[in-house]
Amino acid sequence: MLGSPAPAIAAATFPNVVVPAPASEVATGTTFTLASSATVTSDDANVGGYLAAILRKSTGYALPLTVGATTPGTIALSLSGAPSSVGTEGYQLVSSPTGVVIRATQATGLFHGVQTLLQLMPASVMSSAVKPGPWTVPGGTITDWPRFGYRGAMLDVARHFFSVAQVEHYIDEMALYKVNYLHLHLSDDQGWRIVINSWPNLATHGGSTEVGGGAGGYYTQADYQAIIAYASSRYITVVPEIDMPGHTNAALSSYASLNCNGVAPGLYTGTDVGFSSLCVSLALTYTFIDQVVGELAALTPGPYIHIGGDEASSTSASDYQTFINKVQPIVAAHGKAVMGWHNIAAAPLASSTLAQFWDTNKSNSALAAAAANGTKVVMSPANHAYLDMKYTRKTKLGQNWAGYVEVNTAYGWDPGNYVSGVTGSSVAGVEAPLWTETIVTSADIDQMAFPRLPALMELGWSQYSTHNTTSFDQRLGAQGPRWAAMGVNYYKSTQITWP
Ligand code: TNX
């Protein structure tokens, strides 16, 4: 009939389930269903093995894996043919009725594509027991790459010690949300957690307790290397932190000679901060740092050694500057770049030094000046990014000195435009620190990290054009059944509708 409108064809859309939100999604409306006869091919053995292991457990299918095959399997992970827009960490995922192809330029991109594929499948795919399926994947193309190159999670193993197995468990959880740096806070007033062969008392004495007076513990150098290898199998780089000049009571207690007065203080099991300092005027202090950093650098393949530098309230301002000036070249001499809490911007910073912003105050003139001079900054504002802040007044674990951090507070800021004078290309990324004064078990870690860690990693990965609280809350809700399938002890925020 003349003038009648053409019938509307509903455009297909992907289900709104992927966290972090991908850069681009084009749905076709078709569905792929994994059959028991399906095969997996991969140009990278590690990523192929990772995917096949997860799928075999929950589907019960054989899913034979061929590495470097010329004919693609039902699920094919390919290191050729990716569009250049995906860069080094991104991927393109194409799901058609006959199978799924993920293309990337590097194994890390394939791994990120695999996380997206798993999130497009039913939640029970994450179960470690066989489930019924059907194992469907919606059809279409996802092309995805990160906004920021640094997407970190920090675990404080000093206030409470966590075993290698516990750290690996957390690594597996963070990998689901495209984290690429694990910052290990290895020393503090309450404990020193890694063996340094040239200063053995650090671990044996300094590692012998923790907050509350428990047994503490420490990593042997082999343990530390095992954590690094495990993280690397999930495309995560370890950043070790030795906090100095403050937060050093465990070291000062281990060696009387490191103290200005030559007297070793006792071990400390409380939760105060700001009372300890290395002796800035002592030559031995720098021999100590050189040897500690030397051993740590030799064990660490990643580019950064984190020197802390926070809350040095027992160090005078001029001593603090002297100290940072002396320590930066020591780290550089061992072939590493310095990372430090933003307080280090009180001293002139080397161009390779990465500052980590943690304050609740958005204006910081020293940091803005450093950024104007080329310093890159990782954003961890305590009132949005600290996983040890309570969600609400009722939260049992955690602290509240930076306020309460509910899910939408964790999500509701833009790391690329947050601290005045530290925007755009000055921002290296986002990190979610978990301090552990009140955190003791893996279930505690889960409770504080989920769902806020995925919220923060969406800020780190997703293009800011995708930022939308309504969409995010829906996608986050879709993670709940996945965490249930994995046994993650997540916080059921009332801000989210959990299906
Ligand atoms: C501040 S902010 C600290 C840590 C505490 C934390 C507790 C910063 C770099 N340091 O020493 O563990 O608060 O929330």
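Modeller: Thr423 sits in strand 18, which covers residues 422–423. Keep in mind that this is a predicted model. With 16 other C-beta atoms within 10 Å, Thr423 comes out as partly exposed, because that count falls between the 12 or fewer of an exposed residue and the 20 or more of a buried one. Once you set aside its neighbours within four places in sequence, Thr423 is in contact with Gly416 and Asn417. For a sense of distance across the model, go from Thr423 to Ser124: they are 299 residues apart along the chain, and their C-alpha atoms are separated by 40 Å.

Now for the wider layout. The chain splits into domain 1 (24–144) and domain 2 (150–466 + 482–486), with 34 Å between their C-alpha centres. Their contact draws on 9 residues from domain 1 and 7 residues from domain 2. On the domain 1 side, helix 2 (residues 107–120) contributes the most, with 4 residues. That side of domain 1 has 3 nonpolar, 6 polar and no charged residues.

The largest nonpolar core has 150 residues, and Ile102, Val377 and Leu453 touch the most other members. Both domain 1 and domain 2 give residues to this core, so it lies between them. As a rule, nonpolar side chains in soluble globular proteins tend to be buried together. If you click on Ile102 and ignore neighbours within four places in sequence, its contacts are Leu77, Tyr91, Leu93, Leu110, Gly113, Val114 and Leu117.

Around it you'll find Val273, Asp310, Glu311, Trp341, Trp358, Ala382, Tyr386, Asp388, Gln399, Trp435 and Glu437. By class, this shell has 6 nonpolar, 1 polar and 4 charged residues. Glu311 falls in the loop between strand 13 (304–308) and helix 8 (317–333). It is partly exposed, with 17 other C-beta atoms within 10 Å.

Lys178 also has a positive phi without being a glycine, near 70°. You'll find Lys178 in the loop between helix 3 (164–175) and strand 9 (181–185). Lys178 counts as buried, with 25 C-beta neighbours inside 10 Å.

Last, some cis peptide bonds. The one from Gly133 to Pro134 is cis, with omega near -5°, and Pro134 lies in the loop between helix 2 and strand 7 (135–144). Phe450 and Pro451 are joined by a cis peptide bond too, with omega about 15°. Pro451 is in the loop between helix 12 (442–449) and helix 13 (452–461).

Key. Residues are numbered from 1 along each chain as its sequence is written. This is a predicted model: local features need pLDDT of at least 70, side-chain atom pairs count only at pLDDT 80 or more; totals for chains, interfaces and linings use all residues. Domain bounds come from an automatic or database domain assignment. Two residues are in contact if their C-beta atoms, placed from the backbone, lie within 7 Å. Helices (H or I, at least four residues) and strands (E, at least two) are DSSP runs, numbered from the N terminus. Ala, Val, Leu, Ile, Met, Phe, Trp, Tyr, Cys and Pro count as nonpolar, Asp, Glu, Lys and Arg as charged, and the others, Gly among them, as polar. A residue is near a molecule or strand if its C-beta atom, placed from the backbone, lies within 6 Å of it. A nonpolar core is a set of buried Ala, Val, Leu, Ile, Met, Phe, Trp, Tyr and Cys residues joined through C-beta atoms within 7 Å.
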